[in-house]
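Biologist: Could you take a close look at one part of this model for me, and then follow the salt bridges and pockets from there?

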Amino acid sequence: AAKMSVAEETSHLDINLFRKEKGGDPEIVRKSQRDRFKDVSLVDKVIDLDEQWRKAEFACRNARADVNKISKEVGQKKRAGENTDDLQAKAKELNAQIVNLEAEMKSLNTARIKMINMIGNITHSSCVISDNEDNNGIVREWGTKPEGQEAQPRGCPHSSAGHGHRARCRGSRRARLLSSR
């Protein structure tokens, strides 16, 4: 089986935020999606995938419990000298179901996490709600702006100095590619 990357195994939003019975409120996530002008139906898709995953997990747990009961029964019957072929066949059938359920759970979990990762973080109540970045306000500024100079671009201060194709940023231990002029 292929290993999932960290991004596929985890999500930035807690799944319990989508579960009402666990104290979550999916409406908060829906409102955040609306505030971002993003697809609100993703929240309902996550909830649906989560319900399917939980049903598969429940069925898998029950099947494992049944296999454990059968295993105990097989041990008792073997000690008593009785035939256990029918119980062993049933256990084999249940183990095959468990394998299928685990595969289903894995695919549902992967789909659920991918869907959650398509949803943005919960917006803070102080955020400006607009689909245009020009409407964003300045919350605070640090330092002083030099008069008559444009702000340096982020990253290496030497990147705009025109030192050929590569410039070395002091202390970074790596070269930075610059645009050719």
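Modeller: Gladly: Asp-35 sits in helix 2 (residues 26–35), where helices (H or I, at least four residues) and strands (E, at least two) are DSSP runs numbered from the N terminus. Please keep in mind that this is a predicted model, in which local features need pLDDT of at least 70 and side-chain atom pairs count only at pLDDT 80 or more, while totals for chains, interfaces and linings use all residues. Residues are numbered from 1 along each chain as its sequence is written, and side-chain values use heavy atoms, with hydrogens and water left out.

With a relative accessible area of 15%, Asp-35 is buried; that word means under 20%, exposed means over 50%, and partly exposed lies in between (1.4 Å probe, protein chains only). Leaving aside residues up to four places away in sequence, Asp-35 touches Thr-123 and Ile-129, a contact being heavy atoms within 4.5 Å.

Those residues lead us to the pockets. On a 1 Å grid over the protein atoms alone, a pocket is an open set of points where a 1.4 Å probe fits, with protein on both sides within 12 Å along at least five of seven lines, and lining residues have an atom within 4 Å of a point. Asp-35, Thr-123, His-124, Cys-127 and Ile-129 lie nearest the centre of the largest pocket, which is lined by 13 residues. Its volume is about 210 Å³, a volume being the space filled by probe spheres set on the points, with grid points joined across faces, edges and corners. The lining of the largest pocket has five nonpolar, five polar and three charged residues. Here Ala, Val, Leu, Ile, Met, Phe, Trp, Tyr, Cys and Pro count as nonpolar, Asp, Glu, Lys and Arg as charged, and the others, Gly among them, as polar.

The second largest pocket holds about 170 Å³ of space. Among the residues that line this second pocket are Arg-36, Phe-37, Cys-127, Val-128 and Asp-131, and its lining divides into three nonpolar, three polar and three charged residues.

Now for the salt bridges, each a side-chain nitrogen of Lys or Arg within 4 Å of a carboxyl oxygen of Asp or Glu. By this rule the count is 10. Arg-30 is buried at 16% relative accessibility, whereas Asp-44 is partly exposed at 39%.

Another salt bridge joins Asp-50 and Arg-19 at 2.8 Å, N to O. Asp-50 belongs to helix 3 (residues 41–80) and Arg-19 to the loop between helix 1 (6–9) and helix 2, 31 residues apart. Both ends are buried: Asp-50 has a relative accessible area of 2%, and Arg-19 is at 10%. These residues also belong to a network of salt bridges that links Arg-19, Glu-21, Asp-50, Arg-54 and Arg-112.

Arg-61 is exposed at 54% relative accessibility, and Glu-57 is partly exposed at 21%.
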